[in-house]
Amino acid sequence: MKRQEHFCADESKGQACMDYAETRKKSREVQLQVAALENGTVIDHIPSSKLFQVISLLHLEKERSAVTIGYNLKSRKMGHKSIIKIADKFFSDDEINQLSVVAPNVTLSIIRDYEVVEKKEVRMPEELIGIVRCDNHKCITNNEPMQTRFHFLGKERGTLQCHYCNREISLSEVKLV
Ligand SMILES: [Zn+2]
């Protein structure tokens, strides 16, 4: 049962129904886009070119619950975008914030019982471990079996710095491990 589709279907319900529909409008708009996810997470506004990196960063290839992917959907804001819906999955902030290196403007909606109960945005973590590759060939992380570690140097600078060799990498040129 998709309860959002039943709003004001019966016009004889009158003003009360209209008011109720208005207050629900925002979440309904989101829900119409995301169809019927009963519980789980919707990741919206993914640049289509970054979809597969997002899938990989969240390890969705190993996910056991239902994952629905909308690729190259029309978007007024972005031209085209992609959406991922993951049933019965709620990510930690750390997992979500990893997305900041590839898709900093995605929005997450947490769905419970067909309602959007929370919206989250991605925030760049101060430290990224095992996500970004260092482009200094002499860096120890490229020569030893170990995880990379980068510090975020702030929005104005827009760079990450390798913890081990101090190499700075622009966010626009980040390569994933
Ligand atoms: Zn390095």
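Me: Is Asn166 buried or exposed, and why?
Reply: Keep in mind this is a predicted model. Asn166 counts as exposed because it has 10 C-beta neighbours inside 10 Å, and the cut-off for exposed is 12 or fewer.

Me: Ok, and where is Asn166?
Reply: You'll find Asn166 in the loop between strand E8 (159-162) and strand E9 (168-170).

Me: How far apart are the C-alpha atoms of Asn166 and Cys134?
Reply: They're separated by 9.6 Å, and the two residues are 32 residues apart along the chain.

Me: New topic: what order do the strands of the open sheet come in?
Reply: There are 5 strands, in the order E2-E3-E1-E4-E5, with antiparallel pairing. Strand E2 (67-75) and strand E5 (115-121) each have a single partner strand, so one side of each has no neighbour in the sheet. From one strand to the next, the twist averages 20 degrees.

Me: How many bridges are there between E2 and E3?
Reply: 7 bridges, and E3 covers residues 79-87. As an example, Lys74 has His80 in E3 as its bridge partner.

Me: What about the largest nonpolar core, how many residues does it have?
Reply: It has 25 residues, and Ile84 and Leu99 are among those with the most contacts inside it. Strand E1 (39-46), helix H3 (51-57), E3 and E8 each supply at least two residues of this core.

Me: Which residues does Ile84 touch?
Reply: Leaving out residues up to four places away in sequence, Ile84 touches Ile43, Ile46, Val54, Val67 and Ile69.

Note on methods:
Residues numbered from 1 in each chain as written. Predicted model: local features only at pLDDT ≥ 70, side-chain atom pairs only at ≥ 80, totals over all residues. Helix = DSSP H or I, 4+ residues; strand = E, 2+ residues; numbered from the N terminus. Buried ≥ 20, exposed ≤ 12 C-beta atoms within 10 Å, placed from the backbone. Pairing = 2+ DSSP bridges. Axes fitted to C-alpha atoms, helices over the stretch in contact; angles between N-to-C directions. Core = buried A, V, L, I, M, F, W, Y, C linked by C-beta atoms within 7 Å. Contact = placed C-beta atoms within 7 Å.
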